[in-house]
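I opened the model and kept notes as I went. The entries run from the whole chain down to single residues.

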Amino acid sequence: MSFSEKSVLQPVEQPWSTALVLVCSECDGGHGVDLAHRLKDAVKAAGHKKDVRVARVRCLGICPKRGVAVTITGTAQPAQSHVVIGKGHDAVTALTALIAPA
């Protein structure tokens, strides 16, 4: 069987329909309160558990001095990256509104 007969890449359906949010684990730290977990909880509370996926990933290459690097991609918008200052309620609220507007 040659390469042209069967592709080595097989498409699969992704488990999100609105957004995939990549949170840099290097910036986020993971000691105590972390942005990824707060964001997952906020997305779930907003009723978007099934259509938004939040994942911690290795370095995104943005490397801010202060803040957390986040990249958002989805089906309706081109990928965009942000430096999120802080991990508190304001940061989570702003990201949730950007990811899954009401």
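What follows are my entries, in the order I looked things up.

**Entry 1: ground rules.** I am working on a predicted model, where local features need pLDDT of at least 70, side-chain atom pairs count only at pLDDT 80 or more, and totals for chains, interfaces and linings use all residues. Residues are numbered from 1 along each chain as its sequence is written, and side-chain values use heavy atoms, with hydrogens and water left out.

**Entry 2: the chain.** I listed the secondary structure and got 3 helices and 4 strands. Helices (H or I, at least four residues) and strands (E, at least two) are DSSP runs, numbered from the N terminus. Along the sequence the pattern reads β-α-α-β-β-β-α. I then computed burial: 28% of the 102 residues count as buried. Buried means under 20% relative accessible area, exposed over 50%, and partly exposed in between, with a 1.4 Å probe and protein chains only. The accessible surface comes to about 6800 Å², and carbon and sulfur atoms hold 56% of it. That area comes from the Shrake-Rupley method with a 1.4 Å probe; for residues, only the protein chains shown count as cover. Next came contacts, meaning heavy atoms within 4.5 Å. Among those between residues at least 6 apart in sequence, 67% join residues at least 24 apart.

**Entry 3: the sheet.** In what order do the strands of the open sheet lie? I read β2-β1-β3-β4, with mixed pairing. β2 and β4 (80-84) are the edges; each has a single partner strand, so one side of each is left without a neighbour in the sheet. From one strand to the next the twist averages 20 degrees.

I went through the pairs, where two strands pair if DSSP finds at least two bridges between them.
- β1 and β2 are parallel over 6 bridges, and Cys24 stands opposite Val57 in β2.
- β1 and β3 are antiparallel over 5 bridges. Here Leu20 faces Thr73 in β3, and Ala19 faces Gly74 in β3.
- β3 and β4 are antiparallel over 5 bridges, with Ile72 opposite Gln80 in β4.

I checked burial by strand. In β1, 5 of the 6 residues are buried, so this strand is largely enclosed by the rest of the structure. In β3, 5 of the 7 residues are buried, so β3 is largely enclosed as well.

**Entry 4: helix on sheet.** I looked at α2 next. This helix lies across β1, β2, β3 and β4 and runs at about 175 degrees to β2. Axes are lines fitted to C-alpha atoms, for helices over the stretch in contact, and angles run from 0 to 180 degrees between N-to-C directions.

**Entry 5: the core.** Which residues touch the most other members of the largest nonpolar core? I found Val21, Leu35, Leu39, Val52, Val70, Leu95 and Ile99, out of 19 residues. β1 (19-24), α2 (35-45), β2 (52-57), β3 (68-74) and α3 (89-99) each give two or more residues to this core. α2 gives the largest share, 5 residues. A nonpolar core is a set of buried Ala, Val, Leu, Ile, Met, Phe, Trp, Tyr and Cys residues joined through side-chain atoms within 4.5 Å. Leaving out residues up to four places away in sequence, Leu39 touches Val21, Val54, Val92, Leu95, Thr96 and Ile99.

Entry 6: Thr71 is in strand β3. Its relative accessibility is 13%, so Thr71 counts as buried. Its side chain makes a polar contact of 2.8 Å with the side chain of Ser81. A polar contact is a pair of N or O atoms within 3.5 Å; within protein, one must be able to donate a hydrogen and the other to accept it, and residues adjacent in sequence count only if both atoms are side-chain atoms. Beyond four places in sequence, Thr71 touches Leu20, Val21, Leu22, Leu60, Ile62, Gln80 and Ser81.

Gln80 sits in strand β4. At 25% relative accessibility, Gln80 counts as partly exposed. With neighbours within four places set aside, Gln80 contacts Val70, Thr71, Ile72 and Leu98. I also took a C-alpha distance: Gln80 and Val21 are 59 residues apart along the chain and separated by 9.8 Å.

Entry 7: Most residues other than glycine have a negative phi. Cys63 has a positive phi of about 45 degrees, although it is not a glycine. Cys63 lies in the loop between β2 and β3. Is Cys63 buried or exposed? At 54% relative accessibility, Cys63 counts as exposed.
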